[in-house]
Amino acid sequence: MKKTIKDIDVNNKRVLLRVDFNVPLDENGFITDDTRIKLELPTIKYLLQQNAKVIICSHLGRPNGEKNQKYSLLPVAKYLVKELLGRVFFVSDCVGDEVEAKTKCLKPGEVLLLENVRFYKEEESNDPIFAKNLARLADIYVNDAFGTAHRKHASTFGVAELLPNAVGFLMGKEINAIKAVIDAPERPLVAILGGAKVSDKITLINHLVEKCNTLLIGGGMAYTFLKAQGVNVGNSLVDDTKIEVAKEILAKAQENNVKIVLPIDYLCATEFSPNARAKKFSGNIPNGWQGLDIGPKTVKLFKKEINNANSIVWNGPLGVFEFKHFCKGTETVAKLVLKFKGKAVVGGGDSVSAIKKVGNTNKIYHVSSGGGASLKLMAGESLPGVAVIEEI
């Protein structure tokens, strides 16, 4: 079990807290979705209550190792000033003499937000000198940035090797919730998988075939499985290099007595366009047409399995849900998951977006804050940002 902030003494200590404040900003620099900041407040407030001197670091966007004010964390600092009653200061760099001096002036119960760590290319390359310069700012390191836990960067990995460390509340919640549903679920466990490519989720599928009772597959990846079964999928997205892999997964599921449910009807178009005319086909898809959403018969099949489940894990949209004519499958499943009374874990940016579009995510057992990290954790893979944290 990894150390948490409750396992360490932070009183009067400088705590370098790595968070994920990669929030969307409009053209005027205003935050348009503060979800990630709100998720972080319990950890920050706890550290302040424990008399810590909190130094927060994060990335925002992709500045490609250059100082670009478009990706400054100053708007986040202004937000935190309001949330934390003015006890927040901002410094326009994340390493160096000025930053180090400001950290030494911090009083217990105060917060210093550093500028975007990705203004330095050394961050993403996990440069040891950059990690050492970050470590010089603090006595203790806490990683609460689940969204970047799958990255071996200086602020998520390198600095943790240099300081006493622990995970924050959000990181602990993410790990515990996902592992609870994947490793010790109330059965039946139904996994819903979508997205474009099989290649992106081979590890996840192979892992879930060993863990779940039923696997519902939609999205673009479904057509590779359908073609592997001899179904004509027309011009639908297919990864021909993964046909044999799909056959192996189908055989593995049969051996493990896992039920795989694939689409039996589809909403199709002759072009990949938001204005394309939708037409429904069952069974085979004619040449010249491509599947862009699951059809109503498939939705009924998926609904039956979801209603019979006691645990659910969902990753990936079931169609091109950003197109208004091809969003119904994903949105219907999202509504079913919202009504679900058991433990449901939703991971992946598009799945989370679909849930938010149709209802209140607070009704769901766990909605992950990290797309890539949740995908790897669901697949049973190690997260560098977690693996480096000390054990109790």
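**Exercise 1.** State which residues of α7 meet which residues of α14, and how the two helices cross.

*Solution.* Step 1: take contact as heavy atoms within 4.5 Å. E174, I175, I178, K179 and I182 in α7 then meet S374, L377 and M378 in α14. The model is predicted, with local features needing pLDDT of at least 70 and side-chain atom pairs counting only at pLDDT 80 or more, while totals for chains, interfaces and linings use all residues. Residues are numbered from 1 along each chain as its sequence is written, and side-chain values use heavy atoms, leaving out hydrogens and water.

Step 2: sort the contact residues of α7 with α14 by class, which gives 5 nonpolar, 1 polar and 2 charged. Here Ala, Val, Leu, Ile, Met, Phe, Trp, Tyr, Cys and Pro are nonpolar, Asp, Glu, Lys and Arg charged, and the others, Gly among them, polar.

Step 3: read the geometry. Helix α7 (residues 169-183) packs at about 40° to helix α14 (residues 371-378), and their axes are 10 Å apart. Therefore α7 is oblique to α14, because angles under 35 degrees count as roughly parallel, over 145 as roughly antiparallel, 65 to 115 as roughly perpendicular and the rest as oblique.

**Exercise 2.** Determine how many disulfides there are, and whether C94 and C212 are buried or exposed.

*Solution.* Step 1: a disulfide is a pair of cysteine sulfur atoms within 2.5 Å. The count comes to 0 disulfides. C94 is in none, the nearest cysteine sulfur, that of C57, being 7.9 Å away.

Step 2: buried means under 20% relative accessible area, exposed over 50%, and partly exposed in between (1.4 Å probe, protein chains only). C94 has 0% relative accessibility, so C94 is buried. C212 has 5%, so C212 is also buried.

Conventions
Axes are lines fitted to C-alpha atoms, for helices over the stretch in contact, and angles run from 0 to 180 degrees between N-to-C directions. Helices (H or I, at least four residues) and strands (E, at least two) are DSSP runs, numbered from the N terminus.
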